[in-house]
Amino acid sequence: MGVLVCFHAHPDDEVFITGGVIRQASDAGHRVVLVTATDGALGEVPDGLLAPGESLARRRLAELEASAAALGVHRVVPLHYRDSGMAGTDDNTHPDAFCNVDVEVAAGRLAEVLTAENADVVTIYDENGGYGHPDHIQVHRVGVRATELAGVERVYEAAVNRDHMKRMIAANPAWSDGAQPPDVDALGLPEDQITTVVDVTGHVEAKRAAMVAHATQVGDFGPFLELPGKLLAAAFGTEWFRRRGVPDGTSESALAL
Ligand SMILES: [Zn+2]
């Protein structure tokens, strides 16, 4: 059996783009380790959800544990870096923000986990972090370096399939009616760069349960939780990756665990 390590920026990122492959790997008997870089302390939270004196970071750690359990993760490793906030905000400049920490030092910490776990496959993000969030870009940098340090060769960049997003938007009557569709040109990777397309339709309910676990992030998840099964499967039933270091034209339907 293999060991899959998924490296993510914030609590909840594990669900959208890797929740299916995590559940699939766990169900197949592989060991799955989730490493989350930041505490997510700058996420938005609906009024009244936190108890008096309770910090968002503390609540999100509990949510992360519950989400990980829903996905069959065996071990969660929070690295407790400071959330850098959305691109362009003042929080980006804080010296302790994850986006500003020394890549070599952070990579050393992740490499220790990879070595101790004897990781076979690691997931990170593409160089734009999917959508330009400074913490996601830093996950790419730190992840690339850590896998070099630990000698892990099977490295996958979890990515949004930009062309799939465009097709979904084009097929949605709300947007073809003339309303302004979201601009996805800076999002994810074009389809021709994706090497690995994993059908996770059978794990959509586990992903939904993991979304529910992140109750403070309902602002992000809420609209998806309302979706009927068929639409949820269309939105979350496939996960896409670009495997690093493989020849052009590589085409896989599973992570090489
Ligand atoms: Zn994130």
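This is a predicted model: local features need pLDDT of at least 70, side-chain atom pairs count only at pLDDT 80 or more; totals for chains, interfaces and linings use all residues.
**Entry 1**

I then looked up the angles.

**Entry 2. The loop between β1 and α1**

I stayed with this loop and looked up aspartate 12, which lies in it. The phi of aspartate 12 is near 105°, a positive value in a residue other than glycine. Most residues other than glycine have a negative phi. Aspartate 12 counts as buried because its relative accessibility is 6%, and the cut-off for buried is under 20%.

The other positive phi I noted belongs to asparagine 118, with a value near 55°. Asparagine 118 sits in the loop between α3 and β4. Is asparagine 118 buried or exposed? I found it exposed, at 59% relative accessibility.

**Entry 3. Largest pocket**

I recorded a volume of about 1600 Å³ for the largest pocket. Its lining has 49 residues, and those closest to the centre are Phe16, Tyr131, Met165, Asp220 and Phe224. Which elements give two or more residues to the lining of the largest pocket? I listed α1, β5 (154–159), α5 (162–170), α8 (218–225), α9 (229–236) and β7 (238–243). By class, I have 25 nonpolar, 15 polar and nine charged residues in this lining.

**Entry 4. Second largest pocket**

The second largest pocket holds about 170 Å³ of space. I counted 13 lining residues there, and Gln193, Thr195, Pro247, Asp248 and Gly249 lie nearest its centre. The lining of the second largest pocket divides into three nonpolar, four polar and six charged residues.

**Entry 5. Nonpolar core**

I moved on to the largest nonpolar core, which has 28 residues. Those with the most contacts inside the core are Val5, Phe7, Val35, Phe98 and Leu114. Elements that each supply at least two residues of this core are β1, β2 (31–38), β3 (75–81), α3 (103–117), β4 (121–125) and α4. I noted α3 as the element that gives the most to this core, with six residues.

**Entry 6. Single residues and C-alpha distances**

- Threonine 18 is in helix α1. I have it as buried, at 0% relative accessibility. Threonine 18 and alanine 116 are 98 residues apart in sequence, and their C-alpha atoms are 22 Å apart in space.
- Alanine 70 is in helix α2 (residues 56–71). With a relative accessibility of 21%, alanine 70 counts as partly exposed; the cut-off for buried is under 20%. I read 7.8 Å between the C-alpha atoms of alanine 70 and lysine 207, which are 137 residues apart along the chain.
- Glutamate 153 lies in the loop between α4 and β5. I logged glutamate 153 as exposed, with a relative accessible area of 70%. The C-alpha atoms of glutamate 153 and alanine 119 are separated by 9.6 Å, and the two residues by 34 positions along the chain.
- Isoleucine 169 is in helix α5. I found isoleucine 169 buried, with a relative accessible area of 13%. From isoleucine 169 to valine 184, 15 residues apart in sequence, the C-alpha to C-alpha distance is 9.6 Å.

Conventions
Residues are numbered from 1 along each chain as its sequence is written. Side-chain values use heavy atoms; hydrogens and water are left out. On a 1 Å grid over the protein atoms alone, a cavity is a set of points where a 1.4 Å probe fits but cannot get out, and a pocket is an open set with protein on both sides within 12 Å along at least five of seven lines; lining residues have an atom within 4 Å of a point. Grid points are joined across faces, edges and corners, and a volume is the space filled by probe spheres set on the points. Helices (H or I, at least four residues) and strands (E, at least two) are DSSP runs, numbered from the N terminus. Ala, Val, Leu, Ile, Met, Phe, Trp, Tyr, Cys and Pro count as nonpolar, Asp, Glu, Lys and Arg as charged, and the others, Gly among them, as polar. A nonpolar core is a set of buried Ala, Val, Leu, Ile, Met, Phe, Trp, Tyr and Cys residues joined through side-chain atoms within 4.5 Å. Buried means under 20% relative accessible area, exposed over 50%, partly exposed in between (1.4 Å probe, protein chains only).
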